[in-house]
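Please keep the sequence and the model in view while reading.

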Amino acid sequence: MAVNQDNVSKILSALSHPLRREILLHLSEKGECSFTELMNMLKVDTGRLSFHIRSLEAFLEQTSTGKYKLSKVGGNAIV
């Protein structure tokens with residue numbers, strides 16, 4: 001099976017930032033959180049959190065209530 005180097009680079013880039021790893025770990029522990037809950041827990045402003053959540057789009061899903069949770073890829077990333 002060939003490895004797609006572009007995909008590997010995107011994954012490593014997304015996981016390279018400590019705040020993004022914190023987001024994933026927090027969601028792993030809590031199950032799901034609102035944007036505000038994440039913002040308060042991480043002590044970051046709206047713009048910074050929005051930027052990092054966009055960077056993690058492959059790792060996150062939004063529930064019907066708008067909360068964030070790990071996608072299957074996100075769950076596999078933190079195992």
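Which pattern does the protein chain follow when read along the sequence? The order is α-α-β-α-α-β-β-α, in a model that is predicted. In total, the secondary structure comes to five helices and three strands.

The overall dimensions of the protein chain may be considered next. For its 79 residues the globule rule gives a radius of gyration of 12 Å, and the value for the chain is 13 Å, close to that figure; the chain is therefore as compact as a globular protein of that length. Along the principal axes, the C-alpha trace spans about 40 × 25 × 20 Å.

Of the 79 residues, 32% count as buried. The accessible surface comes to about 5300 Å², and carbon and sulfur atoms account for 52% of that area. Among contacts between residues at least 6 apart in sequence, 49% join residues at least 24 apart.

One pair of helices may now be examined in detail. Two packed helices are described by the angle and the distance between their axes. Helix α2 covers residues 18-30 and helix α4 covers residues 46-55. Their axes come within 10 Å and cross at roughly 75°. Because angles of 65 to 115 degrees count as roughly perpendicular, α2 and α4 are described as roughly perpendicular to each other.

Which residues of α2 and α4 meet? From α2 come Leu19, Arg20 and Ile23, and from α4 come Arg48, Leu49, Phe51, His52 and Ser55. The residues of this contact divide into four nonpolar, two polar and two charged.

How values were computed. Residues numbered from 1 in each chain as written. Predicted model: local features only at pLDDT ≥ 70, side-chain atom pairs only at ≥ 80, totals over all residues. Heavy atoms only, no water. Axes fitted to C-alpha atoms, helices over the stretch in contact; angles between N-to-C directions. Helix = DSSP H or I, 4+ residues; strand = E, 2+ residues; numbered from the N terminus. Parallel < 35°, antiparallel > 145°, perpendicular 65-115°, else oblique. Contact = heavy atoms within 4.5 Å. Nonpolar A, V, L, I, M, F, W, Y, C, P; charged D, E, K, R; others polar. Rg over C-alpha atoms; globule rule 2.2 N^0.38 Å. Buried < 20%, exposed > 50% of the residue type's maximum accessible area, 1.4 Å probe, protein only. Areas by Shrake-Rupley, 256 points an atom, 1.4 Å probe, with all protein chains shown as cover.
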